[in-house]
Amino acid sequence: MCGITGYLGGREACPILIDGLRQLEYRGYDSAGIALVNECGELHVYKEKGKVQDLEAGLAGKNISGHLGIAHTRWATHGEPSAVNAHPHVSSSGRFAIVHNGIIENYAVIRRNLEKKGYAFKSSTDTEVLVQLIDYVASCSDSDTVAVLQEVLDEIVGAYAIALIDMKYPDRLFAARKSSPLAVGIGDDEFIVASDISPIAGNADKVMYLGDEEIAEMHRDGSLHIVNLSNAECRHEILAVPKNLGRTRKDGFDHFMLKEIFEQPSSLTDCMRGRVDVVGKTVTLSAVREHKDRLLAAERFIIVACGTSWHAGLIGKQMIENFCRIPAETVYASEFRYSNPVIRSSDVVIAISQSGETADTLAAVELARSKGAFIYGICNAVGSSIPRATDTGSYIHVGPEIGVASTKAFTGQVTVLAMLALDIAREKNTIDDRTYAGMIEELASIPEKMRVVLRTNDSIASLAKMFTYAKNFIYLGRGYSYPAALEGALKLKEISYIHAEGYPAAEMKHGPIALIDEEMPVVIIATHNALYEKILSNVQEIKARKGRVIAIVSEGDTAISDIADTVIEIPETIECLDPLLVSVPLQLLAYHIAVCKGKDVDRPRNLAKSVTVE
Ligand code: G6P
């Protein structure tokens, strides 16, 4: 994973790079570093274990001048988080400094060969191997830097986005990529390269995205040359940097996660804007209009995603099957890509990803595409890699999500999946008028109902205090609420580090029931729906074994409320939309437990917002 950035131009590089790292911290934050070339042609490298703010603090009083620099915020793959393993890495001769996002899979063999040639390594990273190899190849000939990179990158197996300084050319910045994203911002005689557009916004008006296996050579005079590994010149469309990439702030909330939970009524309104028409009683997704024939001809939908997006996919599968009567399956992208899946040209593959950059999801898209399937992306980050690699798609339009634990993106994904299923079902005539109209009305009322659910915040905060002791939690749900239970458990694990299992409620008796005793909190989603009576029996089974039941029930519920230890009431909705409302108390519960335990809610240990390595 990791975020990389680099600057070459007339301004001081350091503040631009540090600011860029802050924007990229969602990609990892276990250590950070910066390399700067000053006007005397000296290279200074500073690295710290910890977050970008730790690096910034460490720079106080240091020589940080320079108009050329590269910087990195890390999520450890090879080697523990430490200052030594932090990037930039500098080659033994001191000629090259590199920052890297990705994984060099054949690093061990390259390292052994370099060690035999006398190269010594300071870190345990694959990246240091890469920079030493560049150094070695450069030392063997008079080739220019680009030719050296072509030779080295051809030898590399794996994924990389790199920014490189060659001290022989202190007026140039080099960058290259394969499978990991890299944007090149173009200003007035200046360049900013970065893992995404955010460090570029506000610094340059134009941007282009480097293609796979391409190398960019940027000069201080403003010239830019791009070639591929075979030395063919490459040209790319130069795009305007969107003006509205405003800085995201906490707006008075203690954490981004809480802000994003509270934003959901408005983010879902944005998500449905121009798509759900309550007056005309229609749902229209432009991608469905444009690709109607292809989507209606689909014999199967395969949904690929990771993490929270996969949970949204499980709900989407049920919606597509229920409304469109088309077989659908939801698969972890990381499993799909290596499972030799049967993919037919009549399949539609839906890739769900908040970031649009998840490496496994992107690889699943590429695999499905190579087999002729039609690919539909459901993403949040506009212009990210997955939307660019798909045939069509729908953005969820919920705005930037900063908290590592996904909240508003999940509800946005579920909302888009509902709209997609409804739009296709309408076109296929697999939904009756009453159900269709009822769904539209209900979808439109979700933001208001969410506002009602958010009023439970204070009581959930008090409830959370009672559960900080817990080492384990069980989350149960059935039907559409089962993926919601999985998502609730994931939220708790991610930010409070409490082990939590999501389970289909009826499956509990095939194993997890053995875990239940008076210590075990069981969160059970027990809203009024077709399986309510069954859930009631499941609650009885837990209470009979003295489990502590926290039930999420529909307003006015009595039966479950009578036996559960605690109930959280939410407004009633149509069963398939229940996850939208149910998620809110689950998000709040996880949030408040984590806060009570003093955890870093927005940047939990070992996680990253965007997983750009497999
Ligand atoms: C990481 C994030 C999760 C996210 C998952 C998939 O694990 O921490 O919140 O659900 O990646 O990310 P994506 O951007 O593809 O939805």
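## Ligand site

The ligand sits in the second largest pocket of this predicted model. Fourteen residues are counted around the ligand: of these 14 residues, Ser309, Ser353, Gln354, Ser355 and Thr358 come nearest.

Domain 2 (250-453) and domain 3 (455-614) each supply at least three of its residues. Among structural elements, helix α10 (residues 307-324) provides the largest share of the shell, with three residues.

## Polar contacts and burial

In Thr358, an N or O atom of the side chain is 2.4 Å from a ligand oxygen. In Ser353, a polar side-chain atom lies 2.6 Å from an oxygen atom of the ligand. Both Thr358 and Ser353 also belong to the group of residues that come nearest to the ligand.

The backbone takes part as well: a backbone N or O atom of Ala608 lies 3.0 Å from an oxygen atom of the ligand. Taken alone, the ligand exposes 390 Å², and the protein buries 91% of that area.

## Backbone geometry in loops

Two features of the backbone are described here. The peptide bond that joins His87 and Pro88 is cis, with omega at about 0°. Pro88 is found in the loop between strands β4 (68-74) and β5 (89-90).

The other feature concerns Asp189, which has a positive phi of about 50° although this residue is not a glycine. Asp189 is located in the loop between strands β9 (183-186) and β10 (191-194).

Definitions and conventions
Residues numbered from 1 in each chain as written. Predicted model: local features only at pLDDT ≥ 70, side-chain atom pairs only at ≥ 80, totals over all residues. Heavy atoms only, no water. Near = heavy atom within 4 Å. Polar contact = N/O pair within 3.5 Å; in protein donor to acceptor, adjacent residues only side chain to side chain. Areas by Shrake-Rupley, 256 points an atom, 1.4 Å probe, with all protein chains shown as cover. 1 Å grid on protein atoms, 1.4 Å probe; cavity = no way out; pocket = protein on both sides within 12 Å on 5 of 7 lines; lining within 4 Å. Sits in = over half its atoms within 2 Å of the grid points. Helix = DSSP H or I, 4+ residues; strand = E, 2+ residues; numbered from the N terminus. Domains from an automatic or database assignment.
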